[in-house]
Amino acid sequence: MSCNGNSNHEHPPLPEWNSLNYPELPPMPWFGLDIGGSLAKLVYFEPTDNTESEETEVETLKNIRKYLKNNRSYGDTGHRDVHLQMDSVLIGGRKGSLHFIRFPTSEMALFIELAKSKGMATLASTVCATGGGAYKFEKQFFKELHMRLHKFDELESLIRGIEFMEANSPTECYYLENPKSDTAEKICYDFSDPYPFMVVNIGSGVSILKVTAPGEFTRVSGTRCDCNYLADLGGGTFLGLCCLLTGCASFEEALELASQGDSTKVDKLVKDIYGGGYEKFNLDGNLVAASFGQMISTDRRAKVKREDLARATLVTITNNIASIARMCALNEKISRVVFLGNFLRSNMISQKLLSYGMEYWSKGALRALFLEHEGYFGCVGCLLELITQREDYILQENLKNNLLNGAATVNGTTPPPPTEVSGTPNPPEMRNGSS
């Protein structure tokens, strides 16, 4: 990984890694960081099977552990989702709890300042990260914290995180029963044998993936016909339009406005055109015929409220995503479609729309599925990747040392040493995991 920082600021070189003096797993604390276009997600693994040496851990590590666990909010915009905490989880042979934290990507400078003040960089020289921000903020992390970001592919991390979380949380997957009613109920769905399935990851944009086996996936068409997997409609579109139309300042405020609005005062429905349903094609009169179609009228524009505009924006974005997802599922002949991403966090309006749209337009052949941990799968996946790559590197180094010392033979002869990865003796944390 190339990270030279700012040429005007010199730093001492990072200490060289030594396989003989370094533990077989990265030192605590273990973090996974997913830096998206709008939101950054952080997962923190807290071991509960502490070794004797860890019981007398350094003061800095104690302070980090105490700060993360004793708070639900960090500053004005950072939050720990306590209800999503997972206990008794096994990672890298260690047993512990996973804590889930989020903050706006726009506040990255404050996060880096917080990490500096808590002494995080004194404990680890590398943090595993994924998402576009792992590239965007790479130099800033090195400049301010003298810390390298070990980057992993975001889609590989996403799929690995989904598979891990589902295996460790039997109630992770669910669907909505009677999504059109006010009493829609979450029903647990058995996802133990899911393949093949489709993932519709709704963040700032949308990624649509077909997963055929553990770790095996392909990108399928999104909402842009010139791109295989990125959609230019998503949570970022919703928030951007809401900011323009209503003057709101955050995703949470936009959702709150939408929850109080009436989209039928903005959208033109089938019944507004036909006076009822279009029976020939079995179109319900309450279906949207033209998003924002009522805004053609000067009188309608004068009466519309910002809450109505927010609701109509949310309905427009969600309905388009549902339509694209349904077409992709039919083209790929897949019946299980999983919607996830932070766009769906505390967003029951969209979950209901996705559930109803998938079922209605497929005539009951498709069902929208959801996951409890919404947008945290990428950061969990890249944390798992770091542990796995580190273990692989240790095995390679041990084999190499044994061969060089003549301790290992095959059929009485010593096989050649393994080939260096990327032509460098650096461990995985010094290499780009996305290559």
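Trainee: Leaving aside its neighbours within four places in sequence, which residues is Thr105 in contact with?
Mentor: Those residues are Ile35, Gly36, Gly37, Ser38, Leu39, Ala40 and Phe137. Contact here means heavy atoms within 4.5 Å. Before we go on: this is a predicted model, where local features need pLDDT of at least 70, side-chain atom pairs count only at pLDDT 80 or more, and totals for chains, interfaces and linings use all residues. Residues are numbered from 1 along each chain as its sequence is written, and side-chain values use heavy atoms, with hydrogens and water left out.

Trainee: Thanks! Where does Thr105 lie?
Mentor: Look in the loop between β6 (94-104) and α3 (108-117). Helices (H or I, at least four residues) and strands (E, at least two) are DSSP runs, numbered from the N terminus.

Trainee: And is Thr105 buried or exposed?
Mentor: Thr105 counts as buried because its relative accessibility is 9%. The cut-offs are under 20% relative accessible area for buried, over 50% for exposed, and partly exposed in between, using a 1.4 Å probe and protein chains only.

Trainee: What lies 3.4 Å from a polar atom of the Thr105 side chain?
Mentor: That's the backbone nitrogen of Ala40.

Trainee: New topic: how many disulfides are there?
Mentor: The count is zero, with a disulfide being a pair of cysteine sulfur atoms within 2.5 Å. Take Cys243: the nearest cysteine sulfur, in Cys248, is 4.1 Å away.

Trainee: Okay, backbone now. What is phi of Lys333 near?
Mentor: Phi of Lys333 is near 60°, a positive value in a residue other than glycine. Lys333 is in the loop between α11 (306-332) and β17 (336-340), and it counts as exposed at 74% relative accessibility.

Trainee: And what about Glu374, what is phi near there?
Mentor: Near 40°, again positive and not in a glycine. Glu374 is in the loop between β18 (367-371) and α13 (377-404), and Glu374 is buried, with a relative accessible area of 14%.

Trainee: Last one: what kind of peptide bond joins Tyr195 and Pro196?
Mentor: A cis one, with omega about -10°. You'll find Pro196 in the loop between β10 (185-188) and β11 (197-202).

How values were computed
Polar contact = N/O pair within 3.5 Å; in protein donor to acceptor, adjacent residues only side chain to side chain.
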